Amino acid sequence: MVGLGNPGAEFERTRHNLGAEVVGLLATRRGQRLRPEKGTRSVVAQSRLQEQLVVLAVPQTYMNESGLAVSALMRRFRVPAPDRLVVVHDELDLPSGRVKVKVGGGTAGNNGLKSIHGHLHDPGYLRVRIGIGKPPGREPGADYVLHRPSRTERGALDVAIEVAADAVDVIALEGVDAAMLRFNGDTPG
């Protein structure tokens, strides 16, 4: 389980760091602490969930270099195929606060996903997408994702972080199809 974001205090609680927040919450729920893992460019926690090893990781690379960390994590923990990887990330194409589960697909302009695609050469990994909506007016997407949301939006995103963490657990325990049924509702994508 990899949560995308940017390292450093200046990026904490920005829209682009929602994936990292989800993985941090999952580690806390399991009584774990994310710690640097040599050779992975990530902070990592390991736990068992119904007898299977679950690795929680947050890359310590910038978003546009996430693939470096993800490919190192897959080697280090001997992940046999991309369909055993769950990436949690923010999504401009979903309304703010909406959570959806997806298998494979394009990058929707997300530089972290572009980097992962470039390193894995296989888009078949699983995704938990947290909607942040489109930027207002003419604000560039790159600026929008790197800003902290309003207090009202932040409240909705805090709920979405909990829902996204639940979705990751359902993927691990029941499979991606069960997670899609439970979290995607009637809307496509």
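# Helix packing and pockets

Q: Does H1 pass H5 in a left-handed or a right-handed crossing?
A: H1 makes a right-handed crossing as it passes H5 (right-handed means the near helix is turned clockwise from the far one by less than a right angle, left-handed anticlockwise). Helices and strands here are DSSP runs numbered from the N terminus (H or I, at least four residues, for helices; E, at least two, for strands). It's a predicted model, with pLDDT of at least 70 needed for local features and 80 or more for side-chain atom pairs, while totals for chains, interfaces and linings use all residues. Numbering starts from 1 along each chain as its sequence is written, and side-chain values use heavy atoms, without hydrogens or water.

Q: OK, what's the angle between H1 and H5?
A: About 60°, and the axes of H1 (residues 18-29) and H5 are 9 Å apart (axes are fitted to C-alpha atoms over the stretch in contact, angles running from 0 to 180 degrees between N-to-C directions). Because of that angle, H1 is oblique to H5 (under 35 degrees is roughly parallel, over 145 roughly antiparallel, 65 to 115 roughly perpendicular, the rest oblique).

Q: Which residues of H1 and H5 meet?
A: From H1 you get Leu18, Glu21, Val22, Leu25, Leu26 and Arg29. Their partners in H5 are Arg154, Leu157, Ile161, Glu162, Ala164, Ala165, Asp166, Val168 and Asp169 (contact is heavy atoms within 4.5 Å). By class, this contact has 9 nonpolar, 6 charged and no polar residues (Ala, Val, Leu, Ile, Met, Phe, Trp, Tyr, Cys and Pro are nonpolar, Asp, Glu, Lys and Arg charged, the others, Gly among them, polar).

Q: And H2 with H3, how do they pack?
A: At about 45°, axes 7 Å apart, so H2 is oblique to H3. H2 passes H3 in a right-handed crossing too. Ser66, Gly67, Leu68, Val70, Ser71 and Met74 of H2 touch Gly112, Ser115, Ile116, His119 and Leu120 of H3. That contact splits into 5 nonpolar and 6 polar residues, with no charged ones.

Q: What about H5 and H6, what's their angle?
A: About 145°, with the axes of H5 and H6 (residues 176-183) 7 Å apart. On the H5 side there are Val163, Asp166, Ala167, Val170, Ile171 and Glu174, and they meet Val176, Ala178, Ala179, Arg182 and Phe183 of H6. The tally is 8 nonpolar, 3 charged and no polar residues.

Q: Switching to pockets: how much space lies in the largest one?
A: About 490 Å³ (volume is the space filled by probe spheres set on grid points joined across faces, edges and corners). Met1, Leu53, Val79, Arg84 and Leu85 are closest to its centre, out of 22 lining residues (a pocket is an open set of points on a 1 Å grid over the protein atoms alone where a 1.4 Å probe fits, with protein on both sides within 12 Å along at least five of seven lines; lining residues have an atom within 4 Å of a point).

Q: Which element gives the largest share of that lining?
A: S4, with 5 residues. Strand S4 (52-59), helix H2 (66-76) and helix H5 (151-174) each give at least two. The lining has 17 nonpolar, 2 polar and 3 charged residues.

Q: And the second largest pocket, what's its volume?
A: About 310 Å³. His16, Met63, Asn111, Ala142 and Val145 are closest to its centre, among 20 lining residues. Strand S5 (86-91), helix H3 (111-120) and helix H4 (141-145) each bring at least two. By class the lining has 9 nonpolar, 9 polar and 2 charged residues.
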